[in-house]
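Hi there,

Here is the structure I promised to pass on. Have a look at it first, and then read my notes below.

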Amino acid sequence: MSCHKKSYITTPIYYVNDIAHIGHAYTTIIADTLARYSRLSGLDTFFLTGTDEHGQKIEEAAKTRNKSTKAYADEISDTFRNLWDDFDISYDKFIRTTDDEHIKGVQKAFSTMYANGDIYKDTYKGHYCISCETFFPLTQLVDDEFCPECGKSTSVVEEDSYFFKLSNYQDRLLQYYEDHPNFILPKSKRNEVIRFVEGGLMDLSITRTSFDWGVKLPEEMNEPKHVMYVWLDALMNYITALGYGTDDAKMDYWSARVQLIGKDILRFHAIYWPAFLMSLGLPLPTHIAAHGWWTRDGEKMSKSKGNVVNPKEVADAYGLDNFRYFMLREVPFGGDGDFSQKALIDRINSDLGNDLGNLLNRVIGMSGKYFEGRVDSKDVAKYYQAELDEVHASLEKLEPLLFDMQIHRYLEELWRPLTVANRAIDRYEPWNLMKNGKEDEAMALNGLISAILAKVSIMLYPVMPEVCTKISKALDFTIDNNSWENMAKGTDLLEPFVLTKIDPLFPRIEEPRLAQIEPIDKVVEKPKKEVKKSKEKSNDTEGIAFIGIDQFFQTSLKVGTVVEASEVPKSKKLLLLQVDIGEETPRQVVAGIKEWYSAEDMLNTQVCVVANLKPAKLMGIESQGMLLASKDKDGLCMIRPEKPKTAGTPIG
């Protein structure tokens with residue numbers, strides 16, 4: 001890849017109503033990984049993060065703390081910037097929506113959209129949720145009062161407002177989604193957005209007069225009482241950070257390669273934001289990528305519940321790179337996952353300790369024992385070409401997985417070369433090669449293992465920069481664009497060198513290091529009911545618990561279409577499916593069918609779903625339904641409709 005190509009990576013700007021939690025860290029670590037990989041591959045990269053500081057919620061939060069709004073925003077914004085600095089996040093700019101340049105850029109955008117005929121003035125009356133900074137129609141409220149998103153009480157607001165003609169962009173948006181199927185990732189979220197837009201878009205109220213903490217309208221509007229809707233203000237940060245409306249200094253980085261967000265703000269980024277950009281005559285991002293939530297005990301984290309995980313505490317206790325690896329490997333992008341220390345410790349001890357760290361220890365020991373630490377790769381291809389081919393085949397698959405936001409699969413595939421290396425040591429037994437006078441083969445094996453470690457560490461560097469730098473120093477090479485091009489993407493091996501001994505990278509962890517954040521879960525097995533067998537021969541109906549037809553119809557069975565399928569990490573039996581059953585969003589279903597069906601087998605097929613089961617957790621992943629299947633001595637097969645049916649069609 002040539003260096004003149006650009007890559008722009010953004011996180012959402014984080015709202016300063018509270019300090020950073022593990023969900024914020026997850027988003028930022030993903031973005032940092034993509035930015036580091038982009039730079040490594042030779043792209044001119046700009047990575048943006050920052051804080052969103054306007055709106056009624058911030059104004060009220062400051063008042064409750066007896067602080068000025070700006071002082072409160074300064075304080076919370078600093079906690080985010082300090083955490084990202086502690087985490088060595090490689091951002092190029094930290095933007096704040098209180099920055100003068102941002103305010104000027106937002107005002108320029110408002111003026112441009114107004115001049116284009118996309119903004120008009122009218123009166124707005126509706127139910128407004130201060131917490132979500134969003135109006136909701138009465139039909140979406142819970143009990144005609146409560147916010148459907150956060151559950152808090154809404155207020156009826158009536159005021160003069162400027163409106164953006166969102167309704168004018170409905171057809172253009174739908175056409176864009178159709179023409180760019182990877183615009184919204186994962187694809188299950190794309191279907192959710194399309195259904196929402198197809199339901200009809202209403203014009204969007206984009207100014208407020210009921211509070212003052214926000215960006216004022218441009219002076220030429222002569223509307224001193226109006227401030228801009230926080231989402232219009234906030235979304236514009238992605239272009240004002242590049243100089244839009246001021247000096248346009250870095251606007252050649254637009255459009256963004258990846259804009260990372262949480263799934264709770266998908267609508268704003270996948271509907272409002274593209275419409276604003278269309279109005280401004282600017283290109284749209286390549287990907288809007290929406291990840292799931294990190295939960296504790298199946299619940300969204302909140303201070304009121306006392307279940308918030310502090311990311312700095314975890315990183316300090318277990319190591320920042322270990323924490324980064326866990327977050328990216330544990331949960332498929334787009335799905336929700338529970339944080340647990342046990343899962344984190346298992347990843348460190350197994351993936352990192354046994355597979356990666358132990359391999360480095362083996363090659364250091366092997367080189368030291370037989371060759372005084374020397375490594376020479378000149379005969380690797382002569383003796384071990386099959387292993388090299390297998391390694392290069394895995395490395396070739398990696399980059400598309402990363403930018404399709406299948407990061408857990410990127411890491412899964414990256415671990416295959418480590419398996420090749422550990423298997424080669426066990427198969428070829430260097431101690432026997434030396435014993436039998438095959439010193440050249442043993443040295444070549446030494447070179448093979450070192451080369452695999454080098455190639456893996458280059459591609460792992462964006463995820464674990466500190467650990468991989470240590471590995472590269474031990475192997476006497478530098479991780480940079482040159483080694484990425486020639487060793488990770490190419491077939492070069494290491495030049496002759498002398499290994500440097502280093503301490504074990506991943507000492508085994510036996511006990512949780514942060515007991516206070518992990519509740520003790522006591523699993524009590526229920527005693528099995530004793531089944532009494534009749535001495536006499538039973539008839540065909542004995543042992544059957546008959547139910548009435550009313551009970552049968554309490555079970556909701558529906559036809560579903562599998563719109564996304566992947567393997568559940570570390571599981572031999574489970575697949576993670578997103579199943580469209582005619583609802584607003586697909587159901588997430590964890591199915592124990594991997595022994596009989598692959599993820600590819602299930603994708604775009606139809607299944608029968610028990611749709612009203614209480615959600616359950618399997619390996620920390622919530623399952624929102626169950627698939628019907630039949631199993632006998634010959635194996636398992638899915639129960640499916642005889643002919644294709646519309647997703648959501650009732651069964652029964």
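This is a predicted model: local features need pLDDT of at least 70, side-chain atom pairs count only at pLDDT 80 or more; totals for chains, interfaces and linings use all residues.

Strand β5 (residues 119-129) pairs with β6 in the antiparallel sense, over 3 bridges. As a reminder, strands of a sheet pair through backbone hydrogen bonds, either parallel or antiparallel.

Next, two helices. Helix α6 covers residues 187-198, and its 12 residues should span 16 Å at 1.5 Å a residue; the end C-alpha atoms are 17 Å apart, which agrees. Its buried residues are Ser188, Lys189, Arg190, Glu192, Val193, Ile194 and Val197. You will see charged side chains in that list, so what covers them? Among the elements covering the buried residues of α6 are α5 (170-179), β8 (184-185), α9, β13 (287-291), β19 (557-567) and β20 (575-580). Just after α6 comes Gly200, with a positive phi of about 105 degrees.Helix α9 (residues 266-280) is one of the elements covering α6. Is α9 enclosed or open to the outside? Of its 15 residues, 14 are buried, so α9 is largely enclosed by the rest of the structure. Gly281 follows α9 and has a positive phi, near 75 degrees.

Now the cysteines. How many disulfides does a search of the whole structure find? The search finds 0. Cys608 is in no disulfide, and the nearest cysteine sulfur, that of Cys637, is 11 Å away. Cys608 is buried, with a relative accessible area of 6%, and Cys468 also counts as buried, at 0% relative accessibility.

Last, a loop residue. Thr605 sits in the loop between α22 (599-602) and β22 (606-610). Is Thr605 buried or exposed? At 19% relative accessibility, Thr605 counts as buried, because the cut-off for buried is under 20%. Leaving aside neighbours within four places in sequence, Thr605 is in contact with Gly560, Thr561, Val562 and Arg640.

Best wishes

Conventions:
Residues are numbered from 1 along each chain as its sequence is written. Side-chain values use heavy atoms; hydrogens and water are left out. Buried means under 20% relative accessible area, exposed over 50%, partly exposed in between (1.4 Å probe, protein chains only). Helices (H or I, at least four residues) and strands (E, at least two) are DSSP runs, numbered from the N terminus. A disulfide is a pair of cysteine sulfur atoms within 2.5 Å. Contact means heavy atoms within 4.5 Å. Two strands pair if DSSP finds at least two bridges between them. The expected span of a helix is 1.5 Å times one less than its number of residues.
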